[in-house]
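Below are some notes for a colleague who wants to look over this model before working with it. Please read the points with the structure open.

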Amino acid sequence: MNIHEYQAKELLAKFGIAIPKGVAALTVEEAVKATESLPGPLYVVKSQIHAGGRGKGKFKELPADAKGGVRLAKSVDEVRDHATEMLGNTLVTIQTGDAGKQVNRLYVTDGVDIAKEYYLSMLVDRKTGRIAMIVSTEGGMDIEEVAHSTPEKITTIVIDPAQGFMPHHGRAVAFALKLSGDLNKQAAKLAASLYEAFVSLDCAMLEINPLVESKDGQLLVLDTKMSFDSNALFRHPEVMALRDETEEDAAEVEASKYDLAYIKLDGNIGCMVNGAGLAMATMDIIKLNGAFPANFLDVGGGATTEKVTAAFKIILSDPAVKGILVNIFGGIMKCDIIAAGIVAAAKEVNLSVPLVVRLEGTNVQLGKDILANSGLPIVPANDLGDAAQKIVAQVNNAA
Ligand code: ADP
Ligand code: MG
C-alpha cells in the first residue's frame, strides 16, 4: 500500500526527522489558508498523487509550456493561482502512464533555500534478506538517469535486521554523502531515525528524493515516498487509515472487496483460476502458446457464484480483454457448483468475448454437462494445454 507525500512526512516527523512545515489542502481556499500559516516568503505547492516525477510532469488540460506538478510561489496570490490551475486537472508523469492522475489534493509547504540535493532510499532486499539503504550525492529529479549512466555514484549499505542499525551504518551513510562537520552528524542521526521508522512501521520501501542541505546548514527531507508491506498492515491501523482508494486501480479495489486476488497485467486473455499456483501455471501456459495474460486472478477456495460473477465483471472491465480462460480445480467446491456459477455469471454479465472453461476434480462430468446444456457458446477444454491452445486460437480468430 502506498500513501501520499504529506502523510509520509507526518509519520516521519513522529520519529524526530526534520521536515519543512506544510499543510494539505483539498480546495483553493484551503491552500490559501495553509499559506497563511506558513512562515514564507517562499512556498511550494505540490500535487499529491501516488506517483513520482511530479516536478517534471505535465498537466493534460494546460498548455505544454505550463508549469509542472511541483511549483514555487512567492506570495499568497501565486499559491492561489497555482492551486486553481492544478486542482482537478490530470498530471502525467513518467510514473503515471499516459492516462495520468487527477490531482485532488495539494500540499502547501515551506520553500527551502537549497544548497545541495541528495538521494536516500530504503527497501527490503530480498536477495540478502536484509534492509538496504541506498544513498547518492546526486539527488533530485534525475536519479533514474544517475542509476543508469553513473551507477558508481550510488552506494548501498546493508543492515542486518537481527543486529539492527549500528553507529557505523550511520557513519557509512554520512561518508557516502561526502558530508563533514555538523552535516555529517545530522546524516548519521537521520539514517538511524529512518531505520527506526522503516522497521517499526513495517515499510516495504521508503524513498527520500531529494534529501537536501539548506543554505543555513540543515539536512531536510523535501520529498518522500513510502509504501508498506500489506501483510503487516493489520498491525498498523493508523497507517491503514491513510489508504486513499481513489489512487488505486479501481478493479483491484473492487476485487479486494470480494476477497479476490487480482492484479492487472498487459495482455488480452483474462484468467479466472482458483489457487495462486494454478493461476501462475495458467499464465505460463498462455505465454507458452504465444499470447499474454490480461491479469492474475485467484478466486480462492470457495469459488461461489457471487465471487465468480464479481470476477467476470472485474476481468471484463478491462477493455484489453479479448477472451477469458477459466481454469478451476473443484476440490472443496465441486465442479457442478462451479459450472452453475459460471453459467449464471456469464448470463448476468452478457458475456461478449470467447470463453474457454477447463474444469477438473469432483463431479467434473456433472459440471461439463451443465456447461454444455447452458445454451451459451462456452468452449470446454480437457486439460491445461488444451485450454490454453483453445483460448489463444479463439482470440486470434476473432482478431
Ligand atoms: P517529484 O519527485 O515528484 O518531482 P519533489 O517533491 O521531489 O517531486 O519536487 C521536485 C523538485 O522541487 C525537488 O527536486 C526540489 O528541487 C524542488 N522542491 C520540492 N520541495 C521543495 C521545497 N519545499 N522547497 C524548495 N524546493 C522544493
Ligand atoms: Mg522527488
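**Notes on pockets, metal site and backbone**

1. The second largest pocket lies between domain 1 (21–110) and domain 3 (250–398), because both of these domains give residues to its lining. The domain bounds come from an automatic or database domain assignment. A pocket here is an open set of points, on a 1 Å grid over the protein atoms alone, where a 1.4 Å probe fits and which has protein on both sides within 12 Å along at least five of seven lines, and lining residues have an atom within 4 Å of a point.

2. On conventions, this is a predicted model, in which local features need pLDDT of at least 70 and side-chain atom pairs count only at pLDDT 80 or more, while totals for chains, interfaces and linings use all residues. Residues are numbered from 1 along each chain as its sequence is written, chains are lettered from A and ligands numbered from 1 in the order in which they are written, and side-chain values use heavy atoms, with hydrogens and water left out.

3. The volume of the second largest pocket is about 600 Å³, where a volume is the space filled by probe spheres set on the grid points, which are joined across faces, edges and corners. It is lined by 24 residues, and Glu248, Asp249, Glu252, Val253 and Tyr262 are the closest to its centre. Helix α8 (250–257) and strand β14 (261–264) each supply at least two residues of this lining, and α8 gives the most, with 5 residues. Helices (H or I, at least four residues) and strands (E, at least two) are DSSP runs numbered from the N terminus. By class the lining divides into 10 nonpolar, 8 polar and 6 charged residues, with Ala, Val, Leu, Ile, Met, Phe, Trp, Tyr, Cys and Pro taken as nonpolar, Asp, Glu, Lys and Arg as charged, and the others, Gly among them, as polar.

4. The largest pocket has a volume of about 800 Å³ and a lining of 35 residues, of which Gly55, Met141, Asn209, Pro210 and Asp223 lie nearest its centre. Domain 1 (21–110) and domain 2 (114–240) each contribute at least three residues to this lining, and the elements that supply at least two residues each include β2 (43–47), α4 (143–149) and β11 (203–214). The lining has 13 nonpolar, 10 polar and 12 charged residues.

5. Which protein atoms are the donors of the magnesium ion (ligand 2)? They are Asn209 (O) and Asp223 (OD), at 2.1 to 2.2 Å from the ion. Asn209 belongs to strand β11 and Asp223 to the loop between β12 (219–221) and β13 (224–228), so the pair ties together parts that are 14 residues apart in sequence. Donors are N, O and S atoms within 2.8 Å of the metal (3.2 Å for Na, K and Ca), and since water is not among the atoms, sites may look incomplete. Both Asn209 and Asp223 are buried, where buried means under 20% relative accessible area, exposed over 50% and partly exposed in between (1.4 Å probe, protein chains only).

6. The backbone deserves a check at several places. Most residues other than glycine have a negative phi, and most peptide bonds are trans. The peptide bond from Asn209 to Pro210 is cis, with omega near 10 degrees, and Pro210 is in strand β11. The bond from Gly40 to Pro41 is also cis, with omega near 0 degrees, and Pro41 is in the loop between α2 and β2. Asp259, although not a glycine, has a positive phi of about 60 degrees; it is in the loop between α8 and β14 and is exposed, with a relative accessible area of 62%. Asn350 has a positive phi of about 50 degrees and lies in the loop between α11 (335–348) and β18 (355–361).

7. Strand β14 runs antiparallel to β16, joined to it by 4 bridges, and Ile263 stands opposite Phe296 in β16. Two strands are taken to pair if DSSP finds at least two bridges between them. In β16 (residues 295–298), Asn295 and Leu297 point one way and Phe296 and Asp298 the other way, and all are buried.
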